[in-house]
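The following briefing concerns a model of two protein chains. Please view the sequence and structure first; the notes on fold, packing and contacts come after.

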Amino acid sequence: MARSQSEELDRKKLMADPIMVTTIAVLIAFLTLFILYPLAILLVDSFYGGGGFTLDTFRRVLAMPNFRVAITNTLRAGFLVGILSTAVGLLFAYVEVYVRVGKFVGGLFQVVSMLPVVSPPFVLSLSMIMLFGKAGLITRFLLGIYDNNVYGFWGIVIVQTLTFFPVCYMMMKGLLKNIDPSLEEAARDMGASRMGVFVTVTLPLLLPGLGNAFLVTFIESIADFANPMIIGGSYDTLATTIYLQITGAYDKEGAAAMAVVLLCITLVMFAVQKYWLEAKTAATLTGKASRGRMLIEDRSVTVPLTALCSLAALFVIVMYICVPIGALFPTWGHKFTPLTFKWFGQVFGRYHGLQAFRDSFVLSLISAPITALLSMIISYLVVKRKFKARGFIEAVSMLAMAVPGTVLGVGYIRGYSGGLFHSAQWPVFADGGALHGLFPKGLMGGIYGSAAILIIVFVVRSLPTGTRSGISALRQIDKSIEESAYDMGADSFTVFMTVTLPLIKDSFLSGLVTAFVRSITAISAIILLVTPQFLLITVQINEFAEKGSYSIACAFATILILITYGSVLLMNVAIRFFGTSRAFKEGE
Amino acid sequence: MAKEKKGVRLDHISKIYRDPKTGKEFYAVHDTTLEIAPGAFVTLLGPSGCGKTTTLRMIAGFESPDEGEIYLGGEPINALTPNKRDTAMVFQSYALLPHYNIFDNVAYGLKLRKMDKETIRKKVLDILALVGLEGMEGRMTNQLSDGQQQRVALARALVIEPGVLLFDEPLSNLDAKLRVTMRTEIRRIQQEAGITAVYVTHDQSEAMALSDEIIIMEKGVVSQIGSPQEVYYRPKNEFVADFIGDANFLRGKFVRRDGQNAVVNVNGVEVLASGAENAAAGAETVIVLRPETSVLSDEGYFPVKVIVSSFMGAYQLYHVMLGDNKLIIHEYAPQGKKIYAMGETAYLRFAPENAHCI
């Protein structure tokens, strides 16, 4: 048996479609150049030295005590954050799905699940310091403790747990809703207590899902740069150590080797999560609930659970509110009245606030539509088309999900300020070379330090999220709808524009906003690549928080939250008016 | 729809798939050669997994054959993409574009052909009238019943005047009554439009009611091609006999010819049957008996024991045992006829033309 003829024919059919071929070629080039190449250069950097293959760089960094400490620090914090986030997320999800709660509590839950989406990554670190630090509102002024130290292990764990548990909550909620209530009713019917049902039925069904949530948070925690930077104090994690190695010690090879170590850890966990646990979760919880669940109304259960969740939710909300209020106090920790806008004045007057907002805003605004469109195209190709390079495109897009921002940042520095595309290594581009006039900095060398590289980093960092939501949106659409359009005589491009895109308009719009919000709040990769001619809000916040100017940092952060919250509101309005019309949604 | 009707020819077509679980390759369609005449209504019939839908999708261009060549109106079309082929498909799930109204759904293919607005409008309204959807053009697809959605899908395929119309189990999502109405409609519209149609179904009564010719497939191979009467009365093998309608099988040995008839020895009794024109004396043969043409009476070829006897209204249903071979017999219009009760012994009779040897 040989399938060569059909492969040959499929190739011919693909080649008859020049727009498709061009799109695929451009995508492959983009993914190779901006995801694979920077990662490959890290490997070259860390394994190449003195004219050949060497493990010296790894020996050197592994001999550094601070790096060895950073590895254990990172894993310890990640492990605990993973467990705590999963537990808190499960609690919230259980209460929402199983327990009858009032309108107010339901509203609290909504807010809690929304907040991390719209807030910059280090907001919780800021408020943690302002509430519980040495001059903390709660520690010093409420409790009279003068020497509380929030910096370090526990600071990171608490802040990261509060940051990441909403993700677990949303994941768990999806899973719990898929459990068929009759399974639990059958167990109840056979005489199990409510606790018994939870332990013998619900929990075992959820187990792979819990593992999944744990690993997702574990990876997030390990890759997190902003929180350890601000609240870590002397507790260095891998991300911050790499950052300091390259910005402080100018040791690019060492940083590259460290980045490879961090990348390996996240890749292994990502592989376990993606290919083992996700499949298991899907296998145990395939069915849709056949009908509604009888909610628990027993007060001995509802009251304590609801109270616990409400307290936690309120705590999270207070943490977030603390930032805008902090920006209004005259001097945090000393003088609380009268409220003043002087810090906002300083942001715009002394600290080039307007330029920072303009730069962040414009760069994110450019990158968002590129990201949204790219991720929809990738999802379309991955879900709806079959061709040879599909596996490559899918794998590299997924790979980007597992790459921590810091690693990508180091890769970009090494890849575009030096490396393959730098003039010095290619005679034709070097001084006196044939192409020197055209490319004085080498083929791609010119993009280092330009706005283009910042935009590309924004795109690459948001691409996996967009692709994931695009893929799940497209999987819901019957394949034959697109086939029918194709069959009527439309080419691939027309099918994509007139059928696919209109059908996933909601997903596209929300992808647009998510990409924008992720870009404008991004820090981990961008902080390594930004050059002085660009001022970015997140970098400013980080700088002022580092210096201890919390009020200025809060003022910056407040305006950032307003921008992101505003764009999410705008998205909801846009979806209502321009989104997939309600008329046909109900018909599905 | 004055366009030229096109025939379809499949020349030694095979399609190989890989089983995702075992990784083994297998033939979904194996060495299939077919000739579909212009203007004919041809059905691909078979159980699920027999390769009928794969064959249809190869004609449409969604799948590429691994061996052989497909011709449409005499032109080889293997390398053409679906949008370049002169075919139009009616999908099982209707596959209407949910963000367009009925008019725009039907006009979609015409707009791609860059026709002017007035022509498009006229063609769309004409075709909607043909399928019985006048005045519905402004509705959204989810405001239609299943049957109406199916009509839109049909109109959308017809309006671009394809050389061949392809149907992929179009009625299987409809309820039983509607299915019967719609199949009459489909046949009427196909005749009025005078278009070549290839229709995939696993429902044998649908195939019988619609087709000029039925192609029965089993495990990727064509079992028999013939008119509905041919495949029903003169099935080529037990699979076809069993798949089309109900069938009883009597195993025996061919003895000799007797005029038009064949004499077959079944359980030591010589019976008269039809077919087996080229059989040699002593050859193993199987006689196919349809339940409605076999008769129980007080005399006949064999004594049989009645194990079930139920009144079904239109007919009396019998299950009888001939040795350890269970036969099913339908005695139509039973009123006034002798009814055998459970446990009684009766004799089986049949006319030679109703006993086909395979």
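Two residues are in contact if their C-beta atoms, placed from the backbone, lie within 7 Å. The model is predicted: local features require pLDDT of at least 70 and side-chain atom pairs pLDDT 80 or more, whereas totals for chains, interfaces and linings use all residues. Residues are numbered from 1 along each chain as its sequence is written, and chains are lettered from A and ligands numbered from 1 in the order in which they are written. Helices (H or I, at least four residues) and strands (E, at least two) are DSSP runs numbered from the N terminus.

**Chain B overall**

- Chain B contains eight helices and 20 strands, and its C-alpha trace spans about 75 × 45 × 45 Å along the principal axes.
- Of the 358 residues in chain B, 43% are buried; a residue is buried if 20 or more other C-beta atoms lie within 10 Å of its own, exposed if 12 or fewer, and partly exposed in between, with C-beta atoms placed from the backbone.
- Among contacts in chain B with a separation of 6 or more, 66% link residues 24 or more positions apart.

**Helix α4 of chain B**

- The 14 residues of helix α4(B) (residues 146-159) should span 20 Å at 1.5 Å a residue, and the end C-alpha atoms are 20 Å apart, which agrees; the expected span is 1.5 Å times one less than the number of residues.
- Helix α4(B) is mostly covered, with 11 of its 14 residues buried; the buried residues include Gln149(B), Arg151(B), Arg156(B) and Val159(B).
- The buried residues of α4(B) pack against elements of chain B, namely the strands β6 (87-90) and β7 (164-168) and the helices α2 (102-112), α3 (117-130) and α5 (176-193).
- After α4(B) comes Glu161(B), which has a positive phi near 50 degrees.

**Strand β3 of chain B**

- All five residues of strand β3(B) (residues 41-45), that is five of five, are buried.
- Phe41(B), Thr43(B) and Leu45(B) point one way from β3(B), while Val42(B) and Leu44(B) point the other way.
- In a regular strand the side chains alternate between the two faces of the sheet.
- Strand β3(B) pairs in the parallel sense with strand β8(B) (residues 196-201) over five bridges, and Leu44(B) stands opposite Val200(B) there; two strands pair if DSSP finds at least two bridges between them.
- A parallel pairing over four bridges also joins β3(B) to strand β9(B) (residues 213-218), where Ile216(B) is the bridge partner of Leu45(B).

- Five strands of chain B close into a barrel in the order β11-β12-β13-β20-β14, with mixed pairing.
- Neighbouring strands of this sheet are turned by 55 degrees against each other on average, direction ignored; axes are lines fitted to C-alpha atoms, for helices over the stretch in contact, and angles run from 0 to 180 degrees between N-to-C directions.
- Strand β16(B) (residues 302-311) pairs in the antiparallel sense with β19(B) (residues 345-349) over four bridges; Tyr347(B) is the bridge partner of Pro303(B).
- Strand β16(B) is also antiparallel to β17(B) (residues 315-322), over six bridges, and Val308(B) stands opposite His319(B).
- The hairpin of β16(B) and β17(B) has three residues between the strands, and Gly313(B) in this hairpin takes a positive phi near 95 degrees.

**Contact between chains A and B**

- The contact takes 34 residues from chain A and 29 residues from chain B.
- On the chain A side, α1 (4-15), α20 (479-488), α21 (492-503) and α26 (582-587) each give two or more residues, and α20(A) has the largest share, eight residues.
- The chain A side divides into 14 nonpolar, nine polar and 11 charged residues; Ala, Val, Leu, Ile, Met, Phe, Trp, Tyr, Cys and Pro count as nonpolar, Asp, Glu, Lys and Arg as charged, and the others, Gly among them, as polar.

**Domains of chain A**

- Chain A is assigned domain 1 (53-326) and domain 2 (340-424 + 434-588); these bounds come from an automatic or database domain assignment.
- The centres of the two domains of chain A, taken over C-alpha atoms, are separated by 24 Å.
- In chain A, 34 residues of domain 1 are in contact with 32 residues of domain 2.
- Helix α13(A) gives the most to the side of domain 1 that touches domain 2, with 10 residues.
- By class, that side of domain 1 of chain A has 29 nonpolar, three polar and two charged residues.
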